[in-house]
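Please consult the sequence and the coordinates alongside the text.

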Amino acid sequence: MDRHKTMRILLPAFTSGELSPEKHAQVEAHLAGCQQCRNEVQRLRSLLDFAGQIAAQSIDEQIHELAKQKVHAVLNREKDKYRVNRAKVRPNYVWSIVMNTRNAKLAAAALIILGVLISSFLLGGRGTGAAFGRVIESVSNAESVRFSMKEKMGGQPAFVVKVYIQGRKMRLDMIGGEGEDEMLQSLKSEMERLNLTAFVSTIVDFATREVLDLDHFRKTYRKHGLDDQAAAASTGANLIEQFRKIRSEDAQWLRDKSQDGRKIGVYLITHVNLMGIKADLSGREGERMTVWVDRKTDLPVRILLEMSTDREGTSRDWFEFRDFVWNGSLDPALFSLEIPEGYSSFDEAIGRLSTGRGQP
Amino acid sequence: MPDEEFRTFLERYSRKVLTVAARVLGSTTDAQDVHQEVFLAIWRRWDTYDGQTDWGAYLYRTTVRKALELAKRSRSRRSLPVQSQLPTSRQGPDSRLRADELRERLAQSLAKLPRDQAMAFVLSRLEGLGAEEVAQVLGCSPGALKVRLHRATRRLARELNDYLVER
């Protein structure tokens with residue numbers, strides 16, 4: 001690099017007085033004979049002077065008060081919407097999943113799609129080296145994982161699903177919800193009475209494309225293949241593919257923190273299209289994905305996907321993945337596709353339900 | 001929704017957020033929009049923040065980001081400059097008008113910079129934070145900050161050339 005270019009690079013630091021005395025003197029000597037650099041210094045000084053004037057400005061208290069009032073006014077409107085949303089909550093949501101055949105089917109289908117997405121996270125593209133690289137690679141190379149998924153829709157209680165994945169097998173146990181909701185409490189006591197740890201389970205073998213759904217309340221099962229729709233969903237919303245598309249500037253480091261003796265890195269993924277959630281900070285507010293990573297293992301310890309489910313962006317829903325245990329040993333019985341003893345066919349349950357004999 | 005907690009939070013950080021936004025945008029009207037956007041977004045996610053959230057750093061990043069986004073969106077829209085509302089200028093009407101134009105152009109030029117450079121310039125030069133604090137807010141080393149800051153300064157000086165030389 002020629003001397004003029006070297007000196008030019010130093011001009012911002014020269015102007016703000018950050019150079020060592022030796023370097024400062026060198027730049028001064030250069031300036032004496034270089035009109036171009038003198039002009040640049042003049043421009044830089046003028047800019048810094050102007051920035052200094054801005055930094056000295058303060059906000060009038062009246063304007064500040066007005067700004068606060070505006071926030072309070074909007075918040076009051078938001079609170080009204082929040083109350084309306086709460087009123088729309090189906091109070092018997094949990095029971096409807098358990099008791100209503102069609103909803104049970106939908107819930108199972110939703111779990112399958114979710115499972116396919118999660119497993120593609122684990123099974124797809126081993127050894128990929130995208131930006132946000134080490135984390136993706138560690139996830140891709142994991143042999144097994146178990147974690148909890150919590151889903152919260154608006155003001156409703158959060159529902160919790162336990163997920164186990166080993167190799168190409170996966171199990172999802174819907175274990176209940178969190179919160180003081182009356183229905184959740186009755187679900188909990190009913191599960192305790194029947195000594196159940198989950199009320200719906202789905203076991204999937206991605207190698208053979210076999211699926212077993214279990215309804216533990218009614219002791220019914222449904223065995224079926226992983227259909228094309230679920231397979232298409234996995235192709236259309238492959239998590240690992242979305243991770244590959246994340247550019248380094250989209251994985252914004254927020255902070256490091258200590259938690260339970262571990263060093264945790266927190267990243268905000270600002271652009272991602274995952275599970276129908278388009279996280280784009282330049283677009284609608286609040287649609288985003290946050291990933292907490294154990295610095296030692298480069299594996300996620302928590303993932304939070306936030307989304308809006310209405311056009312106005314007022315409803316805040318989120319999926320949270322946490323309590324990760326990576327590469328631990330999992331009981332093979334968890335993934336057994338054998339029909340448990342005492343369980344009868346799902347189709348028979350439809351007949352029972354239609355005659356009102358399916359109540360637990 | 002813990003109203004009281006949020007109210008206290010708003011009281012504590014409100015002025016800072018509004019000031020930062022106004023310094024970036026040069027318009028108290030636009031700054032109020034950003035101020036509202038920042039606090040509304042936090043209110044909506046209030047129960048997802050953990051106790052360890054470093055609000056100071058978080059608010060700096062969020063406010064500057066939102067202000068830059070607004071500057072980008074409203075590139076063609078003329079706004080009421082903050083300068084004209086504040087009795088700070090010792091210059092005559094012509095130079096004040098020129099300063100107002102520069103103020104607006106600065107916001108637009110900042111919005112065109114790479115985000116990390118714009119953040120470095122805003123926090124260091126318009127907010128007047130120390131290098132260590134800015135590096136902490138941005139999660140980079142002081143060396144990296146220096147590089148970003150100097151690049152930003154040079155680019156801005158180039159972009160605003162017409163307004164700076166005659167000041």
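The model is predicted: local features require pLDDT of at least 70 and side-chain atom pairs pLDDT 80 or more, while totals for chains, interfaces and linings use all residues. Residues are numbered from 1 along each chain as its sequence is written, and chains are lettered from A, ligands being numbered from 1, in the order in which they are written.

**Interface of chains A and B**

Contact joins 35 residues of chain A to 41 residues of chain B, two residues being in contact if their C-beta atoms, placed from the backbone, lie within 7 Å. Elements of chain A that give two or more residues to this side include helix H1 (3–15), helix H3 (35–55) and helix H4 (61–87), as well as strand S7 (251–259). H3(A) gives the most, with eleven residues. Helices (H or I, at least four residues) and strands (E, at least two) are DSSP runs, numbered from the N terminus.

In strand S5 (residues 210–215) of chain A, five of the six residues are buried, that is, 20 or more other C-beta atoms lie within 10 Å of their own, with C-beta atoms placed from the backbone. Strands pair if DSSP finds at least two bridges between them. S5(A) pairs with S4(A) (residues 200–205) and with S6(A) (residues 220–225), as tabulated.

| Pair | Bridges | Sense |
|---|---|---|
| S4(A) and S5(A) | six bridges | antiparallel |
| S5(A) and S6(A) | six bridges | antiparallel |

A:Leu214 is the bridge partner of A:Ser201, and A:Tyr221 in S6(A) is the bridge partner of A:Leu214. S4(A) and S5(A) form a hairpin with four residues between them, where A:Arg209 in the turn has a positive phi of about 60°. The hairpin of S5(A) and S6(A) has four residues between the strands, and A:Lys219 in its turn has a positive phi of about 50°.

Notes. A residue is buried if 20 or more other C-beta atoms lie within 10 Å of its own, exposed if 12 or fewer, and partly exposed in between; C-beta atoms are placed from the backbone.
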